[in-house]
Amino acid sequence: YQRRVRGTMKSLHVYILYLIVLCSLSLALNNGVGLTPALGWNTWNHFGCEINEELARQCADAIVSSGLLAAGYDYFTLDDCWQSYRDASGVIVADPNTFPNGIKPLVDYVHSKGCLLYTSDAADEEDSV
């Protein structure tokens, strides 16, 4: 009798575990969000501080022409060394020597390619975008 009860309890536990897994799967949304991590390319990893507006545009072009955008690499990160200072309102101003047109035209260009532009600067919280 005890073997039958133990076997029944074991089967019951497996059945309950199966129901929990099945219910958790049914609660997930099927909207495409989170199927892959955010994918992108970061200027710092290759150029460090040797980045400028023209080179950034060339990199955006390369993301598209190499097929990275089609593969899901839609984030272009302009990481550090693009900024010069903060204005009186606290807005970060692009370095006029390396980004003479500012960041807005670059943002528009990157967006026209189908990418999203993310800017980052120094790790200091006061200077982070």
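1. Two strands count as paired if DSSP finds at least two bridges between them. With that in hand, the sheet here is an open one of three strands, in the order 1-2-5, with parallel pairing. Strand 1 and strand 5 (116-120) sit at the edges with a single partner strand each, so one side of each has no neighbour in the sheet. On average, neighbouring strands of this sheet are turned by 30° against each other, direction ignored; the axes behind such angles are lines fitted to C-alpha atoms, for helices over the stretch in contact, and angles run from 0 to 180 degrees between N-to-C directions.

2. Some housekeeping before going further. This is a predicted model, where local features need pLDDT of at least 70 and side-chain atom pairs count only at pLDDT 80 or more, while totals for chains, interfaces and linings use all residues. Residues are numbered from 1 along each chain as its sequence is written, and side-chain values use heavy atoms, with hydrogens and water left out.

3. On the overall layout: the chain has four helices and five strands, and along the sequence they follow the pattern α-β-α-α-β-β-β-α-β. Helices (H or I, at least four residues) and strands (E, at least two) are DSSP runs, numbered from the N terminus. Of the 129 residues, 25% count as buried, where buried means under 20% relative accessible area, exposed over 50% and partly exposed in between (1.4 Å probe, protein chains only). Among contacts (heavy atoms within 4.5 Å) with a separation of 6 or more, 63% come from residues 24 or more positions apart.

4. Back to the sheet and what lies on it. Strands 1 and 2 run parallel and are joined by four bridges, and leucine 39 stands opposite tyrosine 73 in strand 2. Helix 3 lies across strand 1 and strand 2, at about 165° to strand 2. Helix 4 lies across strand 2 and strand 5, at about 145° to strand 5.

5. Helix 3 (residues 53-65) passes a simple length check: at 1.5 Å a residue its 13 residues should span 18 Å, and its end C-alpha atoms are 18 Å apart, which agrees. The expected span is 1.5 Å times one less than the number of residues. After the helix comes glycine 67, whose phi is positive, near 90°.

6. Which residues of helix 3 are buried? They are Glu53, Leu55, Ala56, Arg57, Cys59, Ala60 and Ile63. Their cover includes strand 1 (39-42), helix 2 (44-47), strand 2 (73-79) and helix 4 (104-112).

7. Glutamate 53 deserves a look. This helix 3 residue is buried, with a relative accessible area of 5%. Its side chain makes a polar contact of 3.1 Å with that of asparagine 101 (a pair of N or O atoms within 3.5 Å; within protein, one must be able to donate a hydrogen and the other to accept it, and residues adjacent in sequence count only if both atoms are side-chain atoms). Beyond its neighbours within four places in sequence, glutamate 53 touches Thr98, Phe99, Pro100, Asn101 and Leu106.

8. Last, the aromatics. There are two aromatic pairs (rings of Phe, Tyr and Trp, using its six-membered ring, with centres within 6.5 Å; planes under 30 degrees apart are stacked, over 60 edge-to-face, the rest tilted). Tryptophan 41 and phenylalanine 47 have ring centres 6.1 Å apart and planes at 70°, so they form an edge-to-face pair. Ring pairs link Trp41, Phe47 and Phe76 into a cluster. Tryptophan 41 is partly exposed, at a relative accessible area of 25%.
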